[in-house]
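Look at the sequence and the structure that follow. The paragraphs below take up a strand pairing, a helix packing and a chain contact in turn.

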Amino acid sequence: MCTSQLDPEVIKRDFPIFKRRIYGKPLIYLDNAATTQRPRQVIEAIREFYENYNANVHRGVYRLSIEATEAYENARAKVAKFINAEDSEIVFTRNATEALNLVAYSWGLQNLKRGDRILLTEMEHHSNIVPWQLIAKHTGAVIDYIPFNEEGLLVEEEKDRLLSLGPKIVSITHASNVLGTINDVKEIVEKAHKVGAIVVVDAAQSVPHMPVDVKEIGCDFLAFSGHKALGPLGVGVLYGKRDLLKEMNPFLGGGDMISRVWLSGAEWNELPWKFEAGTSSVADVIGLGAAIDYLNSIGMDRVRAHEVKLTGYALKRLSEVPDIKIYGPRDLDGRCAVVSFNLADIHPHDLAAILDEEGIAIRAGHHCAQPLLNKLGVAATARASFYIYNSESDIDALVEGLYKARRIFKL
Amino acid sequence: MTSEFYREKIIEHYRNPRNYGSIEDAQIKVQEANPLCGDDIELYIKLDEEKRVEDIKFRGRGCALSIASASLMTEHLKGKSIDYLLSFTKKDLLDTLCIKTLGLNPVRIKCALLPYKALKIGVHNHLGKEISEEDLLEYEAEEETA
């Protein structure tokens, strides 16, 4: 394994978007927690599909369809290997949100009843709250939330107490898209399994940024999005343990997910196709395969090491800015490459607009985590999130931009 | 450029918003929010016997642009007739803010127009006039006026 540091300037050359100028300035992209950019290799893989072997999958007996099916299933194998799962345990969805909804609806409707407990945390993205609220309303199940403390860490005693109430299902984020907290999901899985709960991991902010092994974590389901991992928009992944997927009803009905249909009913297809109704976004799945190849060529250990270094530098540089409030844990081992902050009384929207003028893209808002922000006592935060093409100079530019904002706001 | 939004006047009104607060006996009370950024505004208008704006106040949280917009708008509307409030256009508001380059950043224009949307909804409700979905969209859209 290559352990040398990766060079973001070299990596940047693979990403056509960095040729772009924003108001005449080079693009500094710091909104990777929302979506990443795509390397040439991914864009090429998609183009290659449409130009050379565009066809529907699992249908035709002709050459093009055979090639398309092979490439599609090959991408599944790449995804499976990437997180150490079996091919039949990988279901392609539109995004992580759909993957979480799939579990909530298929598993939840079948297994939850009045009074059953669903355990979430207060740091979840809306996509890991709202589906459960819908299912709770439908089934009469109740939802508990594990709180987090001032450092942005889950409160241990509360976690243990809520687990002792015997939830049927625990759904928890691996890495917070606002606080940057990395939760010890392995420990939670062990404890949850002891009380007989199923565990879902929202890995949207972890799979793209660090080695993730579903067998090591031991979770029952895990969801992530391709577009947050250099892949195209429109593809998400659900990992589910084979035995669980087998027992579950389909989420959506239609073509491809059946083996036989009569007017009186239907028989479900094998795993994982039982959960892939209708024509998939084939080119994008193949593009996701290319994204995984790209990440593998760098090595996820190196991706993580680069981000730890960068996050450490960002926390240090940002702390130097007067009147800044940085959220989330300070311990770099327990933090992903997301830094949320507020600067004095400057609204995050104003900060983002001023930084935009410098070609710097950051996120400002509630980050689809309103309960979390309510708890922090703010309506919005600014957020910078990093990836493999970001360098320390990007962070210097961010800090410079914050000083410009201070000048404009006469601070 | 965005800097146009951040002239001294805007920053000054953000820091010292005029007419900030609430009016207990206002005839028009309206709350509006921008779900995108979580900004919200409450607008209070007290009319005198001749249906002129005797007092107008707002409170809420938002970016410099939305707070300054509310501050300047309330300043401008004090003493005006309800007919004027009804005919008050987006262009009038943006003129008050001295913003010319509309359409450059539609997201930011929405911020500036949040108080305007609150005003229009409040006045229409008070007069028992219906607002169509189209009008509602129109209140926060960029285009034309520039």
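Leu43(B) has Phe58(B) of β3(B) as its bridge partner. The two strands concerned are β2 (residues 39–47) and β3 (residues 53–61) of chain B, which pair antiparallel over eight bridges. Strands pair if DSSP finds at least two bridges between them; helices (H or I, at least four residues) and strands (E, at least two) are DSSP runs, numbered from the N terminus. Five residues lie between the strands of this hairpin, where Lys51(B) takes a positive phi near 60°.

This is a predicted model, in which local features need pLDDT of at least 70 and side-chain atom pairs count only at pLDDT 80 or more, while totals for chains, interfaces and linings use all residues. Residues are numbered from 1 along each chain as its sequence is written, and chains are lettered from A and ligands numbered from 1 in the order in which they are written.

In chain A, helix α2 (residues 40–52) packs against helix α10 (residues 282–298) at an angle of about 145°, and their axes are 8 Å apart. Axes are lines fitted to C-alpha atoms, for helices over the stretch in contact, and angles run from 0 to 180 degrees between N-to-C directions.

Where do the chains meet? The contact between them takes 16 residues from chain A and 16 residues from chain B. On the side of chain A that touches chain B, α12 (348–356) and β16 (363–365) each supply at least two residues. The largest share of that side, five residues, comes from α12(A).

Notes:
Two residues are in contact if their C-beta atoms, placed from the backbone, lie within 7 Å.
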